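Here is my note on the model, written as numbered points for a reader who is new to structures. Please keep the sequence and the 3D view open while you read.

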Amino acid sequence: MAFTDLLDALGGVGRFQLVYTALLLLPCSLLACHNFLQNFTAAVPRHHCQGPTNHTAAATNSSGAWLRATIPLDQLGAPEPCRRFTEPQWALLNLNTSIHGAATEGCKDGWVYDRSVFPSTIVMEWDLVCEARTLRDLAQSIYMAGVLVGAAVFGSLADRLGRKAPLVWSYLQLAVSGAATAYFSSFGAYCVFRFLMGMTFSGIILNSLSLVVEWMPTRGRTVAGVLLGFSFTLGQLILAGVAYLIRPWRWLQFAVSIPFLVFFLYSWWLPESSRWLLLHGKSQLAVQSLRKVAAMNGRKEEGDRLTQEVVTAYIQSEFTSVRSSNSVLDLFRTPAIRKVTCCLMVVWFSNSMAYYGLAMDLQKFGLSVYVVQVLFGVIDIPAMLVATTTMIYVGRRATVASFLILAGLMVIANMFVPEDMQTLRTAQAALGKGCLASSFICVYLFTGELYPTEIRQMGMGFASVNARLGGLAAPLVTTIGEFNAVLPPVGFGATSILAGLAVCFLAETRNVPLVETIVAMERRVKVGLSRKEAEEKKEEISLQQLGASPLKETI
């Protein structure tokens, strides 16, 4: 008997599973806001040098004529963002006059920013333009580094301390560090608190998915996992709306951070995973949680009949070989787990690199950043509906592989669209991003089902580390585009196709009960191989018999 049979006996996908899943996915939707927040808080507005201080008229009047006298024009006829004339060229007030070779200098007195769209951003506040423009990307890289560290830390802690404790702490840490980011006025403090916020991303997303999957019967796991993807999509749409209504970056930062204090307060009600409790010898607490689940699902009588012996009977065969402690080496020690880990390393790294390469710089598309954010969020809805259907009726492996390969082909095909067809390029990029987002969510569920409960959180944490490495690599690949514009799309597309091929080596998990221990997984793989060998041998014997029969007849 499997543990999922016990969940079915206590109501299956009942009221508890629905409420529990909703309370866990709501924070995940706002978590997406923080992931893409710098598209708005670090937006780069049009800007030019502040005029010389000894020429007040030219410095204060930014109208076309006065601006032309103090700021040179670039090749497109717009004010040069990083240079100014050393002395005002009053002759340029005559529109028919042009001057060549006039001396210029850097923006010694600061910059003038166009505040029509963004009243304030971190770029305006700390002048992260021109020579300091790399600091803007540094801030996002520090956030992604926090996500990387958080994946390693919280993935290990969750297998040792349970799923609930790291999740509750992550809610509190995000609320406090997010509010502190909006409060402190130095760029250094901003980067430190963004790092702490990034750590909580892994703590929340990994533990939320594990709790949803481990409390959900087999028939509800697919929909529950995909709902995580829809919550992430909803968060992107929420971000576009909130950012449109709240333009100052500090208030926007505060608005998307403070709700996590509410999540922290109600998270104390959420029960710990009974699977994890049973694995670590806390059967009494597991029985208490299961009785509460039964009562909430309208199966109080079945819950009252539960005892430690009854619960243990459901999972005795799975838990007899569980190790008392695990390390990251367990992800490579046995053949079946090692194969899963190596394939998932490629999949998570490549998927993340291509995804963030497309989604983290919306201003490059030349359209309204709010419109592009909505487009990139809306495109995920039909893509995930298709992913949900195929995962249920076709399988996880085919779905993830197809979306990754299709996304890679879309990114590469985008290279051949002319630059002046900006709308088509944006739509094609959005479609590729939708495929990557769907495959990302599918692989979250797929990974949770591939690893046994004993090391599930550690495995997901390790996989997430590879995803964060991909997120860190994305801006580096984009930077290569300054030398050769073809390399970034080729890099993103090729790695996505490679990840799709790697998925083909993984086992299918559709309608398959979760494995509890490493030994149980190795046994399942060996049984599968034994059956395959037996079938092949049976076919071989049949062929031999068929081949021998004419000889017998001849004799």
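**Notes on salt bridges and confidence**

1. Arg 396 and Glu 449 form a salt bridge in which the closest N and O atoms are 2.8 Å apart; the term stands for a side-chain nitrogen of Lys or Arg within 4 Å of a carboxyl oxygen of Asp or Glu. This pair links distant parts of the chain, since Arg 396 belongs to helix 21 (residues 396-413) and Glu 449 to helix 22, 53 residues apart. Both Arg 396 and Glu 449 are buried, where buried means under 20% relative accessible area, exposed means over 50%, and partly exposed lies in between (1.4 Å probe, protein chains only).

2. Before going further, please bear in mind that this is a predicted model, in which local features need pLDDT of at least 70 and side-chain atom pairs count only at pLDDT 80 or more, while totals for chains, interfaces and linings use all residues. Residues are numbered from 1 along each chain as its sequence is written, and side-chain values use heavy atoms, with hydrogens and water left out.

3. The structure holds 4 salt bridges, and another of them joins the side chains of Asp 380 and Lys 433 at 2.9 Å, N to O. Asp 380 lies in helix 20 (residues 380-393) and Lys 433 in helix 22 (residues 422-450), so this pair ties together parts that are 53 residues apart in sequence; helices (H or I, at least four residues) and strands (E, at least two) are DSSP runs, numbered from the N terminus. Asp 380 is buried, with a relative accessible area of 0%, and Lys 433 is buried with a value of 0%.

4. What is the distance between the closest N and O atoms in the salt bridge of Asp 114 with Arg 46? They are 2.5 Å apart. Asp 114 sits in the loop between strand 4 (111-113) and helix 6 (122-126), and Arg 46 in the loop between helix 3 (38-41) and strand 1 (47-49), so the pair ties together parts that are 68 residues apart in sequence. Asp 114 is partly exposed, at 23% relative accessible area, whereas Arg 46 is exposed, at 63%.

5. On confidence, the mean pLDDT (the predictor's confidence in each residue, from 0 to 100) of the protein chain is 78, and 84% of its residues reach 70 or more. Confidence is lowest in helix 4 (residues 56-60), at a mean of 46, and highest in helix 11 (residues 249-255), at 92.
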